[in-house]
Amino acid sequence: MAPLSLFFHKMKVGGLFMAYSDRELIARIVQCEAGGEGENGMKAVASVVMNRVNVSTGEYARVSQGGSIRNIIFQPGQFDCVRETLRNQYNPQNIYNMTPTDVHYNIADWALSGNRLNEIGDCLWYLNPFRPSCGSTFPSNGSGTFHTRLGDHCFYRPTASYSDT
């Protein structure tokens, strides 16, 4: 039998280990990554997470191993909100410090039910450029091309070269 850690991400809180369900993970990641972006901004983040979970080629297909939300969210270097340390400093804005509300759980349920925000399409990446314009490609390997901007975030859809990642 597989160890519990393969099924639940465990976190130590007050001396106890807590396990997060997929619903809880999505609620926390949307609150942390896009809590100030309104409902559509949070749905956009949930859509990108689920697009990564369900893509059939490339890096995320290998990482998700057939649909693991946990593997996608905890893939190293993907979401700053999963990291407790950024640039050798404590990151207080992390999923472990989030306290999701009904809004976040409703968005998680919406995403888990197969819904996606139409404006996001098949986007696999987003970022906040902290400037008025979005770059034409992301990530740096050029496997994504600019699709749309929603609030402070730029969204990128995969190019043909993504399948080779």
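Predicted model: local features only at pLDDT ≥ 70, side-chain atom pairs only at ≥ 80, totals over all residues.
The volume of the pocket is about 620 Å³, and 21 residues line it, with Glu 33, Asp 80, Tyr 126, Asn 128 and His 153 lying nearest its centre. Sorted by class, the lining comprises 10 nonpolar, 6 polar and 5 charged residues.

The structure also contains 2 disulfides. In one of them, Cys 32 is bonded to Cys 81, with the sulfur atoms 2.1 Å apart. Cys 32 belongs to helix α1 and Cys 81 to the loop between α4 (69-73) and β3 (85-86), so the bond ties together parts that are 49 residues apart in sequence. This link is left-handed, with -85° about the S-S bond. Cys 32 is buried at 3% relative accessible area, and Cys 81 is buried at 4%.

A disulfide also joins Cys 134 to Cys 154, at an S to S distance of 1.9 Å. The pair connects the loop between β5 and β6, where Cys 134 sits, with strand β7 (residues 153-158), which holds Cys 154, across 20 residues. Because the torsion about its S-S bond is about -80°, this disulfide is left-handed. Cys 134 is partly exposed, at 22% relative accessible area, whereas Cys 154 is buried, at 0%.

Thr 137 lies in the loop between β5 (125-127) and β6 (144-150). Its relative accessibility is 46%, and it therefore counts as partly exposed. Beyond its neighbours within four places in sequence, Thr 137 is in contact with Gly 142, Gly 144, Thr 145 and Tyr 156.

Notes
Residues numbered from 1 in each chain as written. Heavy atoms only, no water. Helix = DSSP H or I, 4+ residues; strand = E, 2+ residues; numbered from the N terminus. Buried < 20%, exposed > 50% of the residue type's maximum accessible area, 1.4 Å probe, protein only. Contact = heavy atoms within 4.5 Å. 1 Å grid on protein atoms, 1.4 Å probe; cavity = no way out; pocket = protein on both sides within 12 Å on 5 of 7 lines; lining within 4 Å. Points joined across faces, edges and corners; volume = space filled by probe spheres on them. Nonpolar A, V, L, I, M, F, W, Y, C, P; charged D, E, K, R; others polar. Disulfide = S-S within 2.5 Å.
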